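Hello,

Here is the structure for you to look over. My notes follow below it.

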Amino acid sequence: MTAFALQLLLICLCLLPLYLLARFFWLRHKKQPLHLSHEIWLAVFMLFLGGLLVLVLRPSGAFSPRNMFADAAQRLFTGQDINLVPFTTIRRFFRLQQSHMTFNPGFGIHVAFGVNILGNVLMFVPVGLFPPLLWPRWRPFWKMLLVALLFPVCIESLQLFFGRTVDVDDVMLNALGVLLGYGIARLCLLIRARQRKRKQSAAAQTTPGSAAQ
């Protein structure tokens with residue numbers, strides 16, 4: 001988990017100059033007003049998304065660009081490193097974690113469980129968190145449900161061509177992460193709306209008194 005986070009941070013830092021340059025020309029072309037807080041969070045999300053795609057689509061050691069389609073077809077035919085049975089991988093890692101807790105009480109989470117279960121959920125939380133906060137058009141549940149279903153499927157399908165393991169359980173865990181992020185975003189929006197309403201009510205109550213004075 002720590003190594004993944006450090007790699008993600010390094011990739012984001014490498015992508016930062018390219019993003020800033022592209023965003024500068026985009027805003028200049030569109031002549032849009034600059035909102036600093038929005039731009040900061042947009043940059044965080046876009047850099048995270050770029051870093052995530054670089055990491056999850058990183059070719060394996062056996063990857064060959066010339067034979068990527070032939071290798072993918074062969075893997076589909078043989079089923080090599082492909083799991084299409086739901087909960088197979090999840091059950092295996094939960095059994096591993098249970099065994100770890102039995103023989104190592106007090107040692108917390110097994111590394112493999114943390115990376116393959118918790119990691120697959122947590123690394124997709126920002127995918128569900130940022131769009132509803134940045135763009136109102138992404139706040140309807142059905143839109144983010146489509147993102148939760150299609151985005152992990154697309155990534156897992158592309159991994160087939162890069163020599164990486166394809167697992168339906170990864171899709172399920174990634175989708176769970178997106179929906180968890182969406183739930184956090186809706187909670188943040190609800191808190192923000194209540195705070196705004198409270199401020200408006202307080203301002204409306206103080207206005208008559210000020211006018212009377």
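Arg23 is found in helix α1; helices are DSSP runs of H or I, at least four residues, numbered from the N terminus. Arg23 is buried, at a relative accessible area of 16%. Buried means under 20% relative accessible area, with a 1.4 Å probe and protein chains only. Arg23 touches Gln32, Glu39 and Leu42, leaving out residues up to four places away in sequence. Contact means heavy atoms within 4.5 Å.

This is a predicted model: local features need pLDDT of at least 70, side-chain atom pairs count only at pLDDT 80 or more, and totals for chains, interfaces and linings use all residues. Residues are numbered from 1 along each chain as its sequence is written, and side-chain values use heavy atoms, without hydrogens and water.

Next, the cores. The largest nonpolar core has 29 residues. Such a core is a set of buried Ala, Val, Leu, Ile, Met, Phe, Trp, Tyr and Cys residues, joined through side-chain atoms within 4.5 Å. Phe45, Leu52 and Val178 are among those with the most contacts inside it. Helices α1, α2, α6, α7 and α8 each supply at least two of its residues. The largest share, nine residues, comes from α2. Another core, of six residues, lies apart from it and includes Ile90 and Leu173.

Last, a helix pair. In α6, Val127, Gly128, Pro131 and Pro132 meet Met144, Val147 and Phe151 of α7. The residues of this contact divide into six nonpolar, one polar and no charged; here Pro counts as nonpolar and Gly as polar.

Best wishes

Definitions and conventions:
Buried means under 20% relative accessible area, exposed over 50%, partly exposed in between (1.4 Å probe, protein chains only).
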